[in-house]
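Work through the exercises below with the coordinates open. Each task is followed by a stepwise solution.

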Amino acid sequence: QISEAEVALFSVSSYACQRRTTLDNHNSNLTDALSLLAENAELNNEDGRGVAFRRAAALMKALPTQVISMSQLRGLPCLGEHSLRVIKDVLENGVSSEVESTKQSKRYKALKILTGIFGVGAKTADRWIREGIYNLEQLRDSGQTLNRAQKSGLEHYDDLNEPVTKAEADAIGEIVQKAVDSVLTGSQVALTGGFRRGKLTGHDVDFLITHPEEGKEVGLMPKVVAWLESQGFLLYQKTTRNSYLESKDGPARPASNMDRFERCFSIFKLTKGKEQESTQPEEQNDLKTKDVLRPHMQADTDQQLCELSKNYQMEAASHKIWRAVRVDLVVSPISQFAFAVLGWTGSKLFERELRRWAGHEKNMSLSSHALFDNTQNKYLRATSEEEIFAYLGLEYIPPSERNA
Ligand code: GTP
Ligand code: MN
Ligand code: MN
């Protein structure tokens, strides 16, 4: 029994961008529960609920010690009735009944499996579920028409659902740097996304490319992609053109959260181990049956044959010398680089909170391209992230502390 006097009360700022959120989380039992409900809400297109759970989870991530009693949470922002109920359940019972029943539900399982396919969002998954498709086998059997991204996603399903390591991110970084050096000398590549925040794994690898001379970056993406393609590094790519400069009178005010940089969603073919440096991954690609089926493997019965086939598949998988990795490439002009780096470093909630802070507290509009001061009616130029935080009246938070 803990008396109230013994329980320290936390004091925490209400916007995630005012807080320092590192990767060491003292309340993962609570944040896991809240994040799962956030994810479930997002998968069901309930964005408001999703954000509410994300904010509650982010707040718990920022607490300096483990929460052991509800009384410690008194006066904290971001915790709605629903989130408090979930937290109480976990503190008292070890698990939240709502989380457990969600995890077990047929719909949640199907949404997870189907949106695990690259190119499949919540809306598509929902439509398939309404047609009775709950898993990959049923999807394959259904004869649904898949677009190019989805076909690729299905083909590389296992690889793309396996977390990317920092070592793999670095290996891909070297390849991207090589590509960029080959097509335009002086170009710079910056690692963004979760890996820039110090995460050890990620669902993809994010890069931002620029050139110190304004304008030189125009047309860079197709050249980089062509080089990567010629070297056999791409299993899939879709490039979308920059639409930012196409508006009539310079940078228009951000109409939505979507940015308009030249961007490439891709799937890399990353050679494993020593071969990583090879510029010709194609050559070592074919796995011959003789390399895998050893002479001592002789099947006498059906059961043995089945075993043998299973062994073969397992060995083949473990011998596979390349794997598919999702990579996002973005090209930014140097004049927007600081905003682009800030916007692509994340976390997603940290970004959302920065924009909310800018709008609600500063009457400014922040995007990955620019910061506009609505009071002074002008753009605020910046060449570093530090300057942008300063304009926003926020203490500078380094990437490793943006893990909200
Ligand atoms: P993992 O990849 O799962 O490790 O996490 P992550 O934080 O790297 O997430 P993700 O790769 O999805 O996104 C990286 C950052 O890019 C996040 O801050 C996103 O908000 C941002 N981002 C992703 N897509 C867009 C987009 O279309 N426009 C803009 N401006 N930002 C985006
Ligand atoms: Mn990422
Ligand atoms: Mn990404």
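The model is predicted.

**Exercise 1. Sort the shell around ligand 1 by residue class, then find which parts of the protein supply it.**

Step 1. Count by class. The shell around ligand 1 holds 8 charged, 8 polar and 2 nonpolar residues.

Step 2. Pick out the nearest. Of the 18 residues around ligand 1, these are His 203, Asp 204, Asp 259, Arg 263 and Lys 348.

Step 3. List the polar distances to oxygen atoms of ligand 1. A side-chain N or O atom of Asp 204 is at 2.7 Å. For Lys 348, a polar side-chain atom is at 2.8 Å. For Asp 206, the value is 3.1 Å.

Step 4. Check the cover. Ligand 1 alone exposes 620 Å², and the protein buries 84% of that.

Step 5. Assign elements. Helix H11 (193-196), helix H15 (337-345) and helix H16 (348-362) each give two or more residues to the shell.

Step 6. Assign domains. Domain 3 (164-280 + 324-333) and domain 4 (342-401) both contribute shell residues, so ligand 1 lies between them.

**Exercise 2. Identify the protein donors of the manganese ions, ligand 2 and ligand 3.**

Step 1. Take ligand 2. Its protein donors are Asp 204 (OD) and Asp 206 (OD), 2.1 Å from the ion.

Step 2. Take ligand 3. Here the protein donors are Asp 204 (OD), Asp 206 (OD) and Asp 328 (OD), at 2.1 to 2.3 Å.

Step 3. Write the sequence spacing for ligand 3. The donor residues follow D-x1-D-x121-D. Asp 206 sits in strand E4 (residues 205-210) and Asp 328 in strand E7 (residues 322-331), 122 residues apart, so this pair links distant parts of the chain.

Step 4. Look for a bridge. Asp 204 bridges the two manganese ions, ligand 2 and ligand 3, which lie 3.6 Å apart.

**Exercise 3. Decide whether Asp 206, Asp 328 and Thr 383 are buried or exposed.**

Step 1. Set the cut-offs. Buried means under 20% relative accessible area; exposed means over 50%.

Step 2. Apply them. Asp 206 has 10%, so it is buried. Asp 328 has 4%, so it is buried too. Thr 383 has 73%, so it is exposed.

Step 3. Find its partners. The side chains of Thr 383 and Glu 387 make a polar contact of 2.7 Å. The C-alpha atoms of Thr 383 and Phe 337 are 7.2 Å apart, though the residues are separated by 46 positions along the chain.

Terms used
Residues numbered from 1 in each chain as written. Chains lettered and ligands numbered in written order. Predicted model: local features only at pLDDT ≥ 70, side-chain atom pairs only at ≥ 80, totals over all residues. Heavy atoms only, no water. Donors = N, O, S within 2.8 Å, 3.2 Å for Na, K, Ca; no water. Near = heavy atom within 4 Å. Polar contact = N/O pair within 3.5 Å; in protein donor to acceptor, adjacent residues only side chain to side chain. Areas by Shrake-Rupley, 256 points an atom, 1.4 Å probe, with all protein chains shown as cover. Helix = DSSP H or I, 4+ residues; strand = E, 2+ residues; numbered from the N terminus. Nonpolar A, V, L, I, M, F, W, Y, C, P; charged D, E, K, R; others polar. Domains from an automatic or database assignment. Buried < 20%, exposed > 50% of the residue type's maximum accessible area, 1.4 Å probe, protein only.
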